[in-house]
Amino acid sequence: MSTLLLEQVRKTYRKTVALENITLEVQRGELFGLVGVNGAGKTTTLSLLMGFVQASSGQVRVLGENPWNNPGLQRRLSWLPGEVRLPDAQTGRQWLSYQARAAGHGLERLPALEREWEAVLDRPLRTLSKGNRQKVALLRLLSGNAEVLILDEPTSGLDPVAQERLHETLRKLAQAGRTVLFSSHSLAEVQALCDRVAVLDRGQVLQVGRTSDLERRQERTLKVWTRDPVPLELLTVLGGEAESARHAVLRGNHLLEDALPRLFPYGVEQVHYGGEGLEGLLAHLHDAPLEPSVLSGGRA
Amino acid sequence: MNGVVFRQSFGSGRLGLALYGVGVLVVLASGTLGYEAIAQQGKALSNLLRSLPPALMAGFQLSMQSFSSPLGYVSARSLSLLWPILMVAFAAGAGASVAALIERGTLHYELNLPISRVSWFSSRYGAAVVGALALVGLTGLGLALRLGVNTWSFVALGGAFTLFWLGVSFLLASLLRDRGPVFGLTFGLFALEFFLTTLGRSLEGASWLERFSVWSLYNPEYTLRHGPDGVALAVLAGGGLLLFALAARVWRGRDFPA
């Protein structure tokens with residue numbers, strides 16, 4: 001049985017279609033990423049799984065149950081929003097204590113988490129920085145014993161050290177059998193962290209697969225500055241174009257192995273090599289129809 | 001109802017409740033303390049009455065008799081004018097505090113608790129009702145101590161009146177997502193009710209307008225003099241509870257996208 005399941009789900013808000021025919025499965029112990037630009041449908045997908053909104057059609061299952069109006073299931077889920085906003089007047093400790101009492105679990109793990117995250121819990125939440133508020137919300141996420149953790153762009157307010165600590169924590173949780181689903185607009189973050197990923201765009205799943213599959217499908221960019229001009233005929237053969245007489249841009253795969261050595265005779269002075277980024281990947285996925293092998297890899 | 005949510009809701013609103021308590025006492029004091037001074041100056045009392053617009057007199061159910069005794073004076077000046085405004089503001093604030101959770105984005109932590117939506121919503125409502133009854137009780141106690149009259153009928157009327165407006169504000173909270181509109185619309189409807197009653201009493205042949213106004217059921221002076229009005233109590237309290245039941249139903253089925 002899948003821990004998280006969306007089957008041919010459609011979600012509309014009045015006349016606006018937020019999600020169209022989404023199908024996803026996430027297994028127990030997986031670290032699964034949803035990636036997409038703003039408005040792609042990531043947060044709506046997470047809202048459906050949390051039971052915050054009801055699907056217009058299709059089937060949503062979390063741990064085998066429909067999450068809509070299912071308070072019993074909420075005990076097994078934990079949520080972290082993208083933009084962390086907390087009750088202003090309370091301290092972090094007061095708020096966490098209330099949340100724990102209402103959720104029916106203790107706060108035995110809180111002291112250790114407080115030390116680990118260097119969280120500020122005894123000041124009114126309105127006085128805390130964005131990063132410190134995020135830490136309080138993270139402590140809420142981690143202090144319970146939820147089997148499924150759903151996080152919406154969790155690292156947006158964190159400094160790099162805290163981001164890495166969160167990544168490490170999520171990896172450990174997944175290794176311990178918890179299921180972690182999180183969204184991000186950072187392709188690099190998802191690739192670095194997740195076992196599998198779904199790429200969403202305009203309410204549809206463009207691709208589901210292992211992050212390694214995604215990397216293979218990504219087009220790379222190679223920018224080369226040379227001492228001598230590179231002939232245009234050669235650039236055309238290599239799939240590149242001239243930005244100026246001594247500056248060429250090449251796009252494709254295997255550029256370092258195949259294309260770069262052929263430019264050495266022209267005196268390579270500087271090289272910049274990178275991925276195409278999320279927007280580039282989305283354009284690439286829109287242009288290239290999904291291969292059956294990739295699709296089947298998406299259904300674990 | 002959920003005890004933890006109820007206590008949390010009541011606890012977070014305790015400062016507001018205390019301030020309202022002070023406000024109620026100030027309103028009562030302004031009526032009771034002022035009466036002796038005005039009563040000694042019959043001419044000034046008459047001038048005061050003449051200075052009020054006829055429509056206002058009609059809308060707030062004031063009459064020359066209202067000012068002829070401490071009881072009438074207090075009920076007319078405080079209970080017909082300032083007190084209901086204070087209590088509608090309390091009711092509007094209680095509903096707005098629920099909408100504020102949606103507006104601020106903190107509601108989803110509550111939705112992530114193993115508590116049904118209806119139970120959570122009822123707990124917030126329950127805390128507001130208890131707070132309102134405490135304020136109405138305080139008013140009744142203040143009146144009894146100051147005037148030496150039996151005020152339980154007023155406590156019942158005031159409780160039913162506030163219950164009605166709590167129903168209105170919680171229904172608006174279940175439909176809207178910002179505290180400002182919830183507060184403003186609750187007050188706007190209250191103003192509309194007053195306007196309908198005033199028109200119905202001021203214009204000849206327009207008394208039918210009062211049928212569309214629950215405000216006309218709120219008459220503290222009559223209640224204090226003659227005892228409770230069963231119809232008024234039933235309509236106000238029953239209407240308030242029906243509105244809340246509708247609000248809870250809307251709340252249960254509503255999408256709250258993150």
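## Close-up views of a two-chain predicted model

**View 1. The contact between chain A and chain B draws on 29 residues from chain A and 21 residues from chain B.** Two residues are in contact if their C-beta atoms, placed from the backbone, lie within 7 Å. On the side of chain A that touches chain B, helix H1 (42-50), helix H2 (71-74), strand S5 (77-80) and helix H3 (92-103) of chain A each supply at least two residues. Helices (H or I, at least four residues) and strands (E, at least two) are DSSP runs, numbered from the N terminus. Sorted by class, this side of chain A has 14 nonpolar, ten polar and five charged residues. Here Ala, Val, Leu, Ile, Met, Phe, Trp, Tyr, Cys and Pro count as nonpolar, Asp, Glu, Lys and Arg as charged, and the others, Gly among them, as polar.
The model is predicted: local features need pLDDT of at least 70, side-chain atom pairs count only at pLDDT 80 or more, and totals for chains, interfaces and linings use all residues. Residues are numbered from 1 along each chain as its sequence is written, while chains are lettered from A and ligands numbered from 1 in the order in which they are written.

**View 2. Chain A as a whole has twelve helices and 13 strands.** Its C-alpha atoms fill a box of roughly 70 × 45 × 35 Å along the principal axes. Of the 300 residues of chain A, 41% count as buried. A residue is buried if 20 or more other C-beta atoms lie within 10 Å of its own, exposed if 12 or fewer, and partly exposed in between, with C-beta atoms placed from the backbone. Among contacts in chain A between residues at least 6 apart in sequence, 70% join residues at least 24 apart. The domain assignment, which is automatic or from a database, gives domain 1 (4-211) and domain 2 (220-275). The centres of these two domains, taken over C-alpha atoms, are separated by 42 Å.

**View 3. Three strands of chain A form an open antiparallel sheet in the order S2-S1-S4.** Two strands pair if DSSP finds at least two bridges between them. Strand S2 (16-26) and strand S4 (57-62) of chain A are the edge strands, each pairing on one side only. From one strand to the next, the twist averages 25 degrees. Five bridges link strand S1 (residues 4-13) of chain A to S4(A) in the antiparallel sense, and A:Leu4 stands opposite A:Val62 in S4(A). H1(A) packs on the sheet, touching S1, S2 and S4 of chain A, and its direction makes about 115 degrees with that of S1(A). For these angles, axes are lines fitted to C-alpha atoms, for helices over the stretch in contact, and angles run from 0 to 180 degrees between N-to-C directions.

**View 4. A:Lys42 is found in helix H1 of chain A.** A:Lys42 counts as buried because 25 C-beta neighbours lie inside 10 Å. Leaving out residues up to four places away in sequence, A:Lys42 touches A:Leu34, A:Gly36, A:Ser183 and A:Leu200. A:Ser183 is 141 residues from A:Lys42 along the chain, yet their C-alpha atoms are separated by 6.3 Å.

**View 5. In chain A, strand S12 (residues 247-252) pairs with strand S10 (residues 220-226) and with strand S11 (residues 240-244).** S10(A) and S12(A) run antiparallel and are joined by six bridges, with A:Trp225 opposite A:His247 in S12(A). S11(A) and S12(A) also run antiparallel, over four bridges. A:Glu241 has A:Val249 in S12(A) as its bridge partner. A hairpin of two residues joins S11(A) to S12(A).

**View 6. A:Leu256 lies in helix H10 (residues 255-263) of chain A.** A:Leu256 counts as exposed because 12 C-beta neighbours lie inside 10 Å.

**View 7. Chain B has eleven helices and zero strands.** Of the 258 residues of chain B, 44% count as buried. In helix H1 (residues 3-12) of chain B, the buried residues are B:Val5, B:Gln8 and B:Ser9. They are on the same side of H1(B) because they cover an arc of only 95 degrees around the axis; the arc is that of the directions from the helix axis to the C-beta atoms. H3 of chain A and helix H7 (117-147) of chain B are among what covers the buried residues of H1(B).
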